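Here is a short report on a predicted model.

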Amino acid sequence: QVQLVESGGGLVQAGGSLRLSCAASGRRDAMGWFRQAPGKEREFVAAISWTGSTTYYGDSVKGRFTISRDNAKNTVYLQMNSLKPEDTALYYCTLDPRGVYTVKSGAADYWGQGTQVTVSR
């Protein structure tokens with residue numbers, strides 16, 4: 001059973017930064033982040049291959065967010081800079097052994113419980 005545990009969410013002012021972490025129990029597969037704000041559809045944020053050599057970003061976060069991973073710790077990070085109020089959402093970590101394209105598509109088999117990010121004006 002794969003477990004994904006997210007952490008690092010919180011309240012930050014616009015223009016600030018946060019770093020989210022997602023620890024995967026014993027797995028080293030492609031991983032990524034999605035987010036969902038109240039009343040909105042789930043949105044792709046970022047994805048990374050299991051080697052870390054390939055990354056993808058959603059258009060709304062390009063240039064501001066960076067996804068990375070530490071395979072020794074089975075952990076993926078999302079560094080979020082220049083945060084905007086519209087980044088406010090519940091952020092979910094996701095993982096799938098079928099690869100980064102599956103993660104990016106939103107069809108991954110495994111999802112975390114989510115961590116809340118709130119950006120105030």
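## Nonpolar cores

The largest nonpolar core of this predicted model has 26 residues. Trp33, Leu78, Met80 and Tyr91 have the most contacts inside it. Seven strands are listed here with at least two core residues each: strand 3 (18-24), strand 4 (30-36), strand 5 (43-48), strand 7 (65-70), strand 8 (75-80), strand 9 (89-96) and strand 11 (115-120). Another core, of six residues, lies apart from the largest one. Among its members are Ala30, Phe34, Phe44 and Val100.

In soluble globular proteins, nonpolar side chains tend to be buried together.

## Around methionine 80

What does methionine 80 touch, leaving out residues up to four places away in sequence? Its contacts are Gly16, Ser17, Leu18, Leu20, Arg64, Phe65, Tyr91 and Val117.

## The disulfide

The structure holds one disulfide. Cysteine 22 and cysteine 93 form it, with their sulfur atoms 2.0 Å apart. The bond ties distant parts of the chain: cysteine 22 sits in strand 3 and cysteine 93 in strand 9, 71 residues apart. Both cysteines are buried.

Side chains alternate along strand 1 (residues 4-7). Leu4 and Glu6 point to one face and are buried.

Strand 1 pairs with strand 3 in the antiparallel sense, over four bridges. Serine 7 has serine 21 of strand 3 as its bridge partner.

Key
Residues numbered from 1 in each chain as written. Predicted model: local features only at pLDDT ≥ 70, side-chain atom pairs only at ≥ 80, totals over all residues. Heavy atoms only, no water. Core = buried A, V, L, I, M, F, W, Y, C linked by side-chain atoms within 4.5 Å. Buried < 20%, exposed > 50% of the residue type's maximum accessible area, 1.4 Å probe, protein only. Contact = heavy atoms within 4.5 Å. Disulfide = S-S within 2.5 Å. Pairing = 2+ DSSP bridges.
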